[in-house]
Amino acid sequence: MNSRRSFIGYSFGAVAGIGALFALGAVKKSADPLPSVRSAGFTSIDLSPLKSGEFAQFEWRKKPIFIIKKSPDMKINDKRDVVIGDDRYMLAIGLCTHLGCIPSWVPSQKMFKCACHGGEFDESGVNTFGPPPRPLDIPPFDIKGTMLVLGESGQAYKKLMNII
Ligand code: FES
C-alpha cells in the first residue's frame, strides 16, 4: 500500500513538474519574444535621395506613410516637422483622420485632398478644411543619420509628442 501511495505521489509530482516547465516556457516566450518578432514592424527609409519639395509614399505595418522633404516656400511647423540637419520633413500616416481614406497629395496647391468627403490637410499634415477632426497621425520614428526608422520611438519623436 505504501509503495502504491508513493508511486501515485511520484506520478503526481512528475505531472505537476512537467506542467510547471510548460508554464515557465510560456511566460518566457511572452516576456522575451524572438528577436525576429521584435524587429518585425520596423521599416527603415533612406531620406537622402528625396529632393526639395518632393513627396514620397512608403508603407509601414500595411499603412501608407507620407513623407515630404519641405522646400523653402513650404510652411514650417515646429510641432510636427521632422528636422534632420538643415532639412525639414513632413511625416505622417496617410490615412484621413475622418474615416480613414487615403488623401492625395496635390503639389500645385501644396495640400492633401481627401476624395471621400472633401477633407483637406496642409503640407504639414494639419487638417485645414472639411470633416477631418485632427491632423494626420505621426508614426513613431527614430532618426539614424539620414535613415528614418519607423516603429521606433526615438528622442525626436518623443519631443514632438511632448513625451520628454
Ligand atoms: S475620410 Fe477623408 S474626409 Fe472623410
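**Close-up views of the predicted model**

View 1. Asp 122 is buried, with a relative accessible area of 10%. The model in this and the following views is predicted. Asp 122 forms a salt bridge with Lys 75, and the closest N and O atoms of the pair are 3.4 Å apart. Lys 75 lies in the loop between strand E3 (63-69) and E4, while Asp 122 belongs to strand E8 (residues 120-122), so the pair ties together parts that are 47 residues apart in sequence. Lys 75 counts as partly exposed, because its relative accessibility is 47%, which lies between the limits of 20% for buried and 50% for exposed. The structure holds 9 salt bridges.

View 2. The side chains of Asp 78 and Arg 88 meet with an N to O distance of 2.8 Å in a salt bridge. Asp 78 is in the loop between E3 and E4 and Arg 88 is in strand E5, so this contact ties together parts 10 residues apart in sequence. Asp 78 counts as exposed, at 61% relative accessibility.

View 3. Lys 144 and Glu 152 meet through their side chains in a salt bridge of 2.9 Å, N to O. Lys 144 is partly exposed, with a relative accessible area of 44%. Glu 152 also counts as partly exposed, at 23% relative accessibility.

**View 4. The open sheet E2-E3-E5-E4.** In this order, 4 strands form an open sheet with antiparallel pairing. Strand E2 (55-60) and strand E4 (82-84) are the edge strands, each of which pairs on one side only. On average, neighbouring strands of the sheet are turned by 30 degrees against each other, direction ignored. E4 pairs with strand E5 (residues 87-93) in the antiparallel sense over 3 bridges. Val 83 stands opposite Arg 88 in E5, and Arg 88 is the salt-bridge partner of Asp 78.

**View 5. The open sheet E6-E7-E8-E9.** Here too 4 strands form an open sheet, in the order E6-E7-E8-E9, and the pairing is antiparallel. Strand E6 (104-106) and strand E9 (127-129) stand at the edges with a single partner strand each, so one side of each is left without a neighbour in the sheet. From one strand to the next, the twist averages 35 degrees. E8 and E9 run antiparallel and are joined by 2 bridges. Phe 121 stands opposite Asn 127 in E9.

View 6. In soluble globular proteins, nonpolar side chains tend to be buried together. The largest nonpolar core has 18 residues, and those with the most contacts inside it are Leu 47, Ile 67, Leu 91, Phe 141, Leu 148 and Leu 150. Two or more residues of this core come from each of E2, E3, E4, E5, strand E11 (147-150) and helix H3 (155-160). E5 gives the most, with 3 residues. Leaving aside neighbours within four places in sequence, Phe 141 is in contact with residues including Val 82, Leu 91, Leu 148, Leu 150, Tyr 157 and Leu 160. Another core, of 11 residues, lies apart from the largest one, and among its residues are Phe 66, Phe 112, Phe 121 and Leu 136.

Conventions. Residues are numbered from 1 along each chain as its sequence is written. This is a predicted model: local features need pLDDT of at least 70, side-chain atom pairs count only at pLDDT 80 or more; totals for chains, interfaces and linings use all residues. Side-chain values use heavy atoms; hydrogens and water are left out. Two strands pair if DSSP finds at least two bridges between them. Axes are lines fitted to C-alpha atoms, for helices over the stretch in contact, and angles run from 0 to 180 degrees between N-to-C directions. A salt bridge is a side-chain nitrogen of Lys or Arg within 4 Å of a carboxyl oxygen of Asp or Glu. Buried means under 20% relative accessible area, exposed over 50%, partly exposed in between (1.4 Å probe, protein chains only). A nonpolar core is a set of buried Ala, Val, Leu, Ile, Met, Phe, Trp, Tyr and Cys residues joined through side-chain atoms within 4.5 Å. Contact means heavy atoms within 4.5 Å.
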